[in-house]
Amino acid sequence: MTHASLDHRFTEFLLDSQALKFGDFTLKSGRKSPYFINAGAFNDGRKIATLGAFYAEKIVEEIKAGNLPVDIDTVFGPAYKGIPLGVSTAIALTSAHGMEVGYTFDRKEKKDHGDGGMMVGTQLTDGMKVLLVDDVMTAGTAVREVIPKLKAEANVEVVGLVLSVDRMEKTKDCDLSAVKAVEAEFGFPVFAIANVREIFEAGQHITTASGEPYVTEEIKAAADAYLAQYGA
Ligand code: OMP
């Protein structure tokens with residue numbers, strides 16, 4: 001029995017969940033892309049549980065490789081789309097891997113009654129090891145917004161960032177990928193369950209119910225052209 005690699009199994013999951021779409025999409029950065037990854041497609045219990053299990057598998061792989069610490073205190077998912085990611089990842093880390101971790105997310109607006117505060121879940125305190133999770137990185141705008149919020153809360157140590165997909169795109173100003181630029185700027189490692197090149201490679205061998213590959217030659221050519229222009 002062969003075991004498909006993590007990126008291959010994740011690509012299958014993206015395609016089966018219709019989270020990976022092909023067409024014409026305008027990105028947050030303004031770039032026009034022939035593909036889009038929509039984490040909003042993980043919209044039921046089975047899909048979000050499966051997604052959390054993929055994040056947990058990637059995290060445990062990186063812990064075993066010595067790239068992430070074993071004593072992560074909390075998984076932080078930035079509001080709003082990061083919230084189910086952080087929660088489902090924390091559940092999977094505990095239930096499937098026996099790790100005791102918290103989950104934390106930020107409020108978009110400050111609450112001045114009840115428990116107050118900007119954070120929900122495990123409260124951040126000095127010295128805590130925080131692992132960030134987010135959906136997709138194109139230019140790294142989302143992560144740049146959340147780091148100051150964390151630092152304003154407590155002197156936490158951000159130990160890394162785990163994404164579902166690294167789109168492997170150059171930043172506007174240099175040829176470095178957004179992931180590499182974030183690593184260099186903040187000093188923590190960034191991991192992705194799969195990157196776009198792995199996804200397009202795997203997608204050519206994964207078929208729809210009617211037996212056609214999800215990634216046709218036409219789709220592959222459009223992706224290659226896009227990556228030739230914007231890929232790092
Ligand atoms: P950056 O924050 O610039 O890295 O862009 C990533 C964000 O853009 C994601 O968190 C999404 O909100 C959105 N996005 C996707 O969800 N999927 C994609 O395939 C591409 C983008 C995007 O707009 O770049």
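Select the side chain of T138 together with the ligand: an N or O atom of that side chain is 2.5 Å from an oxygen atom of the ligand. This is a polar contact, meaning a pair of N or O atoms within 3.5 Å; within protein, one must be able to donate a hydrogen and the other to accept it, and residues adjacent in sequence count only if both atoms are side-chain atoms. Next, show the backbone of G140, where an N or O atom lies 2.6 Å from an oxygen atom of the ligand. A polar backbone atom of A142 is 2.9 Å from a ligand oxygen atom. The ligand taken alone exposes 490 Å², and the protein buries 92% of that; areas come from the Shrake-Rupley method with a 1.4 Å probe, and for residues only the protein chains shown count as cover.

A note on what is on screen: the model is predicted, local features need pLDDT of at least 70, side-chain atom pairs count only at pLDDT 80 or more, and totals for chains, interfaces and linings use all residues. Residues are numbered from 1 along each chain as its sequence is written, and side-chain values use heavy atoms, with hydrogens and water left out.

Helices (H or I, at least four residues) and strands (E, at least two) are DSSP runs, numbered from the N terminus.

Where does the ligand sit? The ligand sits in the largest pocket, in the sense that more than half of its atoms lie within 2 Å of the pocket's grid points. On a 1 Å grid over the protein atoms alone, a pocket is an open set of points where a 1.4 Å probe fits, with protein on both sides within 12 Å along at least five of seven lines; lining residues have an atom within 4 Å of a point. The largest pocket holds about 750 Å³ of space, a volume being the space filled by probe spheres set on the points, which are joined across faces, edges and corners.

Select the 33 residues of its lining; K28, D134, V136, T141 and A142 lie nearest the centre. Helix 4 gives the most, six residues. The lining divides into 13 nonpolar, seven polar and 13 charged residues.

Move to the second largest pocket, with about 200 Å³ of space. Of its 15 lining residues, D166, V179, V190, A192 and N195 lie nearest the centre. Strand 8 (190–195) is one of the elements supplying at least two, and gives the most, with five.

Finish on the backbone. A79 and Y80 are joined by a cis peptide bond, with omega about -10°; Y80 is in the loop between strand 3 (74–76) and helix 3 (82–97). Q18, not a glycine, has a positive phi of about 60°.

How values were computed: Ala, Val, Leu, Ile, Met, Phe, Trp, Tyr, Cys and Pro count as nonpolar, Asp, Glu, Lys and Arg as charged, and the others, Gly among them, as polar.
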